[in-house]
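Subject: Structure for your review

Dear colleague,

Please find the structure below, followed by an account of what was found in it. I would be grateful if you would read the two side by side.

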Amino acid sequence: METTEIPLEKLNPTQFIEKQTQHIKKQVGDHKAINALSGGVDSSTVTLLGHKALNSQLTTYLIDNGIMRQNEPQHITNLFKKIGVPVQLIDARAEFMKALKGVTDPEEKREAITQTFYRDIFSQLIKKSKAKYLLQGTIYTDIEETLAGVKRQHNVLEQLGINTQETYGYKIIEPLIQLRKPAVRKIAETLGLPQEIYDRPPFPGPALAARIIGEVTAEKIDTIRKATFIVEETLENTNAFQYMAILHEDKVTGIRGGKRDYGNQIEIRCWDSLDAKTGTPTQLPHEILFKLADRITTEVKGVVSVTYNITCKPPSTIEAV
Ligand code: XMP
């Protein structure tokens, strides 16, 4: 597979869709394939491309890893059913919690998630469905940062020299590998996906685990899920590239009802960016920032401090983990 970038201005969406559909058909032949849908623009685009090419030869799964956002697994499954794509919801919450237990280092956390997806869950689904191929939505930016050693993106394997056939028992097809996010959005729109999907801010494969500093526990997931909901609801009309809440490991002293309250800190990040390669914090009005702090400290149990990150990428990265 070619890994030269196709820049947005050189992209012909109709031709790209036709070429990739033919390529997928040719590679899969008479065999079966599976793919995992998360509801993000990349995996949604691959799901539609895959179904266009393979119809019933492709089975789409949504893996509930327990670290997705509020109501996300159900909402995405229903949305795709409405547009005619059947999705099988897989409950893998226990497997991911087990793999994440006791893991604090960011790269080890990413590795635990990668292995649970590819070695445990996908291998089982490949056996169950008798498929030979996994279609996935790796994009150009994912491999770029992984190869530069900045961050191991959860879905980068073959570019790191991992032979997935030998290691996991299946081959991977990556139709979007030459595109960056704006180009993927164009393909998603051309394929007829709803705006809710093609305009969705990026969300990382390691999901809410990428938003928790230190060990991922059920209680921390609950905290970050609630804070994420508030941040997304408040900032969705800002036109920012991406926005998020991050739960810190260190606690700080707060005061509630005149008494000491030693509690959690939430950091908010909101990015202006074209393709996540570089980024600048959005100049949000103080009014919005105060509203966020007020809602998070009122509605999310145990949070006594909310901060706004004012660092550019580089030297920051978009996600904290
Ligand atoms: P960073 O944090 O590296 O993020 O500046 C760049 C963009 O990539 C997203 N991201 C990921 N996406 N798997 C993904 O699918 C990952 O492991 C991953 N890590 C970061 C991040 O949200 C941002 O848009």
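Helices (H or I, at least four residues) and strands (E, at least two) are DSSP runs, numbered from the N terminus. This is a predicted model, in which local features need pLDDT of at least 70 and side-chain atom pairs count only at pLDDT 80 or more, while totals for chains, interfaces and linings use all residues. Residues are numbered from 1 along each chain as its sequence is written, and side-chain values use heavy atoms, with hydrogens and water left out.

Aromatic rings

Helix α5 (residues 106-129) holds both Y118 and F122, which are four residues apart, about one turn of the helix. A pair of aromatic rings is described by the distance of the centres and the angle of the planes. Rings of Phe, Tyr and Trp (its six-membered ring) pair if their centres lie within 6.5 Å; planes under 30 degrees apart count as stacked, over 60 as edge-to-face and the rest as tilted. Searching the whole structure gives five aromatic pairs. In Y118 and F122 the ring centres are 5.2 Å apart and the planes stand at 85°, so this pair is edge-to-face.

Are these two residues buried or exposed? Buried means under 20% relative accessible area, exposed over 50%, and partly exposed in between (1.4 Å probe, protein chains only). Y118 is buried, at 1%, and F122 is buried as well, at 5%. Both belong to one aromatic cluster, together with F96, F117, Y168 and Y170.

The sheet

Two strands pair if DSSP finds at least two bridges between them. Five strands form an open sheet in the order β3-β2-β1-β4-β5, with parallel pairing. Strands β3 (87-91) and β5 (171-173) are at the edges and have a single partner strand each, so one side of each is left without a neighbour in the sheet. Strand β2 (residues 58-64) is joined to β3 by five bridges, and T60 stands opposite V87 in β3.

Residue E267

E267 is located in strand β8 (residues 259-272) and is buried, with 8% relative accessibility. A polar contact is a pair of N or O atoms within 3.5 Å; within protein, one must be able to donate a hydrogen and the other to accept it, and residues adjacent in sequence count only if both atoms are side-chain atoms. The side chain of E267 makes such contacts with the side chains of R269, at 2.6 Å, and N309, at 2.9 Å.

Yours sincerely
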